[in-house]
Amino acid sequence: MANLSNRPTPELAASELEALDRRHVLHPHQRSQRSERRVIVRGQGSTVWDANGRKLLDALGGGIWVAQVGHGRAELAEAAAEQAGQLAQFTGFFEYGNDKSIRLAERLAALAPANINRTYFTCGGSEGVDTAIKLARLFHHRRGEPDRNWIIARHFGYHGATYGSGTATGIPDMQVAVGPNLPNVEKVMPPYPYHMEMYGGQNPTDFLINELSQTIERLGARNIAAMIGEPVLGGGGVIPPPDDYWPRVRKLLREHGILLIADEVITAFGRTGTWFDSEPRGMSPDIITVAKGITSGYAPLGAVMVDDEIVETVTGGEHSFFHGYTYSGHPLACAVALANLDLLEKEGLLERSLAIGARFRTGLAPAAEIPVVGDIRVVGATVGIELVVNRETREGVSMDLALAVADDLYETHNVITRNYGPTLVLSPPLVFTDQETDRTSAAIVEVLRRVDLAAGRIAPR
Ligand SMILES: Cc1ncc(COP(=O)(O)O)c(C=O)c1O
């Protein structure tokens, strides 16, 4: 791995950068009571450095489930530089295209299920989900069923922050006080095997299929365009479904002519050990949305991969798909994606993802005995550790306590993680070494042992 980390440090001192940040940057999801800043200025492999020169282990993939091939990869920097020198940008509208987006679309089609051969490029996941929702509605409209415009999504699902994707998201904070949100979006319960109390004593899949069936009946099958779901809930807390969940959902939707959108923004490109997680889970989706891992985060890019019949119906006859982003099919981003897919393949990072997961299982096993640990979920190189105040009731810890765990890992062990609700999440680069995996597990066990549930805080070391 080439070393790009010996670059000059930023021109401004860390304290100046932090002050300017407080003054001028509006951050996503930043709690206003937090005055500290973490200004990350360079990275190499799974290590990043802040503006003070502090070295941190990135167990969260660029802090947000990305960085599959690790930081500071010369191969991707060179692909970006070469493409910038050749053709950084040209529109993908109308008849225009470019060699890199064409080659990337061909490559995605080769990796995707047989029915999916066309890709629509976006700049990220939220735009992709909006695009998928529009495609699903248009598909039915063009077939003479304009009333089929309801979208079924799930509580705890995360699909993005735009009005379409944000409404499909099953986390209420996304919709509060910014309404009206997108109309005609209905939520159903997700599979959450740790919380069997959600299903009133029933088998979770039976309960959920019954609920979905009743929802379809209530809305009227002829009014529903699509259902959207992550194969494994990501931001909801790394929650894999029971094996029979997606096959049974798929069957029910098909019986009613309802499309299925697999949101693979987190799960694709090796995160869970496969190119596309929806395949082994039996989703057989009509549309797949991806982003993050497609470039390992080196350039903003998303892709909506679409079933042939949908494309033919939407664009058939005199029709066009009247929907476009300035940067759809951006040559530089697509060149980076091609080089990134080469690395994922060449370095066997899909298999590595599974090995990282297996090592986390072993390393985190001692955590299972710690009272605050309710559930440990490992899916490929992604981990959710659900923290509870009471193992009997399975009531989650407060956001403050879960955040304090992530903060302690950062401050005491220089390990970057994050809480999503009561769940501590890991999603490291797929180049995470055995030693880095073990170090992360040991740090987590150490911090969790210091959680004082009665006092609602973490005891000092
Ligand atoms: C499953 C899923 N879908 C969509 C998105 C939104 O993607 P973006 O933040 O690139 O817009 C995310 C982001 O984390 C995601 O996890």
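In which loop does D286 lie? In this predicted model, D286 is placed in the loop between strand 8 (259-263) and strand 9 (287-290). The residue counts as buried, because 26 C-beta neighbours lie inside 10 Å and the cut-off for burial is 20 or more. Beyond its neighbours within four places in sequence, D286 is in contact with L259, L260 and I261, as well as with D307 and I310. The C-alpha atoms of D286 and T205 are separated by 22 Å, the two residues being 81 residues apart along the chain.

The loop between strand 8 and strand 9 also holds S284. Although S284 is not a glycine, its phi is positive, at about 40°. With 18 C-beta neighbours inside 10 Å, S284 counts as partly exposed.

The protein chain as a whole contains 13 helices and 18 strands. Its radius of gyration is 22 Å, close to the 23 Å given by the globule rule for 461 residues, so the chain is as compact as a globular protein of that length. The C-alpha trace spans about 65 × 60 × 40 Å along the principal axes. Of the 461 residues, 48% are buried. Among contacts between residues at least 6 apart in sequence, 72% join residues at least 24 apart.

N98 is located in the loop between helix 3 (74-87) and helix 4 (99-111). There N98 is buried, with 21 other C-beta atoms within 10 Å. Residues up to four places away in sequence not being counted, N98 touches L87 and F90 and also G329 and P331.

Helix 13 (residues 434-449) was examined for its length and its pattern of burial. At 1.5 Å a residue, its 16 residues should span 22 Å, and the end C-alpha atoms are 23 Å apart, which agrees. The buried residues of helix 13 are E436, T437, T440, S441, A443, I444, V447 and L448. Viewed down the helix axis, these buried residues fall within an arc of 160°, so they line one face of helix 13. An α-helix has 3.6 residues a turn, so residues three or four places apart point the same way. On the other side of helix 13, D434 and Q435 are exposed.

Two further backbone features concern W65 and P180. W65 has a positive phi of about 65° although it is not a glycine. This residue belongs to helix 2 (residues 61-65). W65 is buried, with 25 other C-beta atoms within 10 Å. The peptide bond joining G179 and P180 is cis, with omega about 0°. P180 is situated in the loop between helix 6 (163-168) and strand 6 (185-188).

Key
Residues numbered from 1 in each chain as written. Predicted model: local features only at pLDDT ≥ 70, side-chain atom pairs only at ≥ 80, totals over all residues. Helix = DSSP H or I, 4+ residues; strand = E, 2+ residues; numbered from the N terminus. Expected span 1.5 Å × (residues − 1). Buried ≥ 20, exposed ≤ 12 C-beta atoms within 10 Å, placed from the backbone. Arc of directions from axis to C-beta. Rg over C-alpha atoms; globule rule 2.2 N^0.38 Å. Contact = placed C-beta atoms within 7 Å.
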